[in-house]
Structure formats: C-alpha cells, structure tokens
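Work through the exercises below with the sequence and coordinates open. Each task is followed by a stepwise solution.

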Amino acid sequence: MSNQLDIKLTEVALRDGSHAISHQYTVEQVTNITKALNEARVPYIEVTHGDGLGGSSLQYGRSLTDELKLIEAAVSVADFSKIAVLLLPGIGTIENLKEAANLGAKMARVATHVTEADVSKQHIETAKELGMETVGFLMMSHMVGSEKLVEQAKLMESYGADTVYMVDSAGALLPHEVRERTRALKQELSCHVGFHGHNNLSVAMGNTLAAIEEGATRIDGSIRCLGAGAGNTQTEVLVAVLEKMGIETGVDVYKIMDIAEDIVAPILPKPQEIDRDSLTMGYAGVYSSFLLHANRASKKFGVDSRDILMELGRREIVGGQEDMIIDVAAELAGKEKTAT
Ligand SMILES: C[C@H](O)CC(=O)C(=O)O
Ligand SMILES: [Mn+2]
C-alpha cells in the first residue's frame with residue numbers, strides 16, 4: 001500500500017477514555033498527556049467528557065474537572081496537535097460549542113445515533129461558521145447496513161462535514177462488514193471517510209486496517225486502549241503497524257510507546273482488557289460506554305452483568321437511554337426473585 005495516503009490520527013483517550021475512568025481526569029493529567037502527544041506529533045487530540053460537551057450529569061456521570069478547564073489546558077500545551085471536541089446534539093449545546101471554540105478547539109465532532117444524522121445540521125453548520133474543521137460521527141454503525149449508513153453520511157456531508165466517521169460504538173462489527181461499509185461510503189461521498197473502533201471482540205485493529213484498505217483516511221485510536229469497553233484501536237500499536245506497512249502517520253513511534261507506558265498506564269484504575277463484560281458488549285452489540293453503568297447495576301441488583309447487557313442488546317438500547325440499564329437490571333432481579 002502507498003505511503004501517500006494522508007492518514008490522520010485522532011487520539012481519543014482524553015474523551016473516550018473518560019468513560020473508563022468515570023470522568024475523573026485532572027488538569028495535570030490532561031496537560032501531561034496532551035504535551036507528550038503534541039511532542040509525538042499526533043495530529044488531533046479529542047478532549048471532552050466521555051459523552052461530549054455538556055455530558056457531566058447524573059445520567060452520564062459527573063466530571064471531576066470542568067471540561068472547559070481541560071480543553072483550555074490541552075490547548076495551552078499543543079502547538080502542533082489540534083484539539084478536537086465531541087458534541088452530541090441534545091447533550092451539548094451550540095453555546096458549549098462556542099465556548100470550546102473560544103478556548104481554541106479547532107475541530108468539532110458532531111455525533112448522532114446512526115439513523116439520526118438530521119439532528120446534526122445546526123451544530124455542523126455552526127462549527128463551520130466558527131471556523132472549525134467538522135466531523136459527522138455516526139454512532140452504533142453496526143445497527144444498519146451500508147445503504148442506510150450512506151444515506152445518513154450524505155446528510156452530514158450536505159451540512160458541511162469535512163469527514164464522516166463510521167463509529168463502531170459497540171465494537172460489534174467484523175472486518176468484512178467494515179470493509180463493505182467503508183467501500184460504500186467511499187463510493188458515495190466526496191468528503192473524507194473515518195473509522196472509530198472498539199476492541200470488544202478483539203478485532204479493532206483488523207477493522208481499522210480493513211477501513212484503511214478501503215480508503216478511510218481519518219482514524220481514531222486510544223493510547224493503551226484507554227477508551228470505553230475494552231478500549232479503542234490501540235494508538236501506539238496502530239502507529240507501529242502502519243509504519244511496518246509503509247503508511248506514514250507522522251507520529252513518532254518510540255515517543256507514542258513511551259507515553260503509553262510511562263504516562264497513561266500509571267493512571268489506569270485497572271489494565272484495559274477484554275473481560276467477560278466488554279466481550280459481551282461486542283457480542284450483544286451494546287454501546288461501550290454502558291460498561292461501568294452495567295457493572296454498577298449488576299452489583300446493586302445482584303444480577304449477572306452479562307444478562308443485563310444481553311437484554312440491552314436485544315432491546316436495541318442506545319446512547320442517551322442510560323436510565324434503561326437500571327430498569328432492565330431491576331426487571332431481571334424481579335424475575336429471578338419470582339423464579340426462586
Ligand atoms: C458518546 C460516545 O461515547 C461516542 C463514541 O465514542 C462511540 O459511540 O463510540
Ligand atoms: Mn467510542
């Protein structure tokens with residue numbers, strides 16, 4: 001494969017990884033990690049609450065630190081990397097977006113459920129007016145086939161998205177499915193196509209390579225797999241793999257390895273791994289950020305967390321419906337009680 005692919009990586013540990021550490025980032029951690037990623041020449045670094053701007057709440061989990069302080073800290077030490085923010089319309093507002101842009105965020109990633117791209121119009125247009133690079137982020141892409149995905153991606157492109165991402169929020173897609181969907185997106189869109197994977201089925205790397213082979217050029221990773229569920233495509237591994245394939249990312253492979261080992265690993269509450277819960281998320285097609293919510297509900301109601309996740313998958317519960325996790329756990333606990 002040619003090394004002229006213009007692959008640009010976005011590091012998401014300071015946003016997607018927020019789910020894995022219950023949104024407890026400090027200014028010091030964000031400053032240290034951003035400074036090091038900037039030195040390693042990572043093009044984009046996403047910083048926000050795990051559920052995007054305005055996500056800090058009882059429903060999604062309260063942040064330890066105001067995300068605007070985290071964004072400000074990241075911007076202050078990044079003279080090469082651009083700081084990106086995630087925004088889910090309905091959680092984050094246009095006002096939140098303006099605040100982030102004022103602080104120096106240069107990229108807005110507007111995320112919707114894969115069938116609801118139409119709600120991103122105002123936010124993508126505003127981000128453009130603010131002079132930001134814009135990304136449309138189609139979450140839970142495994143829930144639809146190529147045709148629907150293309151239809152929704154085209155909407156985002158028509159609103160002005162510079163890139164549209166296929167987002168495998170549940171880590172449920174397999175390489176042949178990513179390949180087929182990416183091919184369809186590339187055929188129908190003129191903007192960049194991106195891929196965001198989760199490693200719940202241990203295929204995030206294979207999925208990412210399939211996406212790149214089909215023409216995706218905007219790729220997400222999380223260093224040391226610090227993302228929701230089992231984490232995302234592991235950035236330092238991806239950089240090394242792409243370098244071996246002759247594909248340039250511009251990221252310094254030794255430096256990114258060192259950040260993973262020396263700066264990120266020490267802040268993890270536990271190593272990011274595929275355990276029975278994260279595996280069940282990929283298997284059942286459940287939103288990766290539900291992991292800690294399901295763990296808590298499992299303890300509270302004494303129900304196997306896999307049963308909760310399987311039921312959430314059956315009911316096709318999506319982001320924004322976190323309250324259903326408690327409902328499902330309570331229901332299952334009630335059924336178990338009746339049965340005994
Ligand atoms: C709000 C979600 O965590 C966005 C994301 O990273 C995904 O859907 O995956
Ligand atoms: Mn994610």
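The exercises cover the domains, the ligand shell and the strands.

The model is predicted: local features need pLDDT of at least 70, side-chain atom pairs count only at pLDDT 80 or more, and totals for chains, interfaces and linings use all residues. Residues are numbered from 1 along each chain as its sequence is written, while chains are lettered from A and ligands numbered from 1 in the order in which they are written.

**Exercise 1.** State how the protein is divided into domains and describe the contact between them.

Step 1. The division gives domain 1 (8–267) and domain 2 (276–339); such bounds come from an automatic or database domain assignment.

Step 2. Taken over C-alpha atoms, the centres of domain 1 and domain 2 are 25 Å apart.

Step 3. Contact (C-beta atoms, placed from the backbone, within 7 Å) involves 22 residues of domain 1 and 17 residues of domain 2.

Step 4. On the side of domain 1 that touches domain 2, 9 residues are nonpolar, 12 polar and 1 charged. Here Ala, Val, Leu, Ile, Met, Phe, Trp, Tyr, Cys and Pro count as nonpolar, Asp, Glu, Lys and Arg as charged, and the others, Gly among them, as polar.

**Exercise 2.** Describe the shell around ligand 1 by residue, class and domain.

Step 1. There are 14 residues around ligand 1, where near means a C-beta atom, placed from the backbone, within 6 Å of the molecule.

Step 2. Asp16, Asp51, Met139, Ser169 and Ser289 come nearest.

Step 3. By class, this shell holds 5 nonpolar, 7 polar and 2 charged residues.

Step 4. Domain 1 (8–267) and domain 2 (276–339) each supply at least three residues to the shell around ligand 1.

**Exercise 3.** Identify the strand arrangement, then trace the pairing of β8.

Step 1. Strands are DSSP runs (E, at least two residues), numbered from the N terminus, and two of them pair if DSSP finds at least two bridges between them. A closed barrel of 8 strands runs β1-β2-β3-β4-β5-β6-β7-β8 with parallel pairing.

Step 2. Strand β1 (residues 8–11) runs parallel to β8 and is joined to it by 4 bridges; lysine 8 has arginine 218 as its bridge partner in β8.

Step 3. Strand β7 (residues 192–196) is also parallel to β8, with 2 bridges, and glycine 194 has arginine 218 as its bridge partner there.

Step 4. From strand β8 (residues 218–221), Arg218 and Asp220 point one way, Ile219 and Gly221 the other way, and all are buried (20 or more other C-beta atoms, placed from the backbone, within 10 Å of the residue's own).

Key
Two residues are in contact if their C-beta atoms, placed from the backbone, lie within 7 Å. A residue is buried if 20 or more other C-beta atoms lie within 10 Å of its own, exposed if 12 or fewer, and partly exposed in between; C-beta atoms are placed from the backbone.
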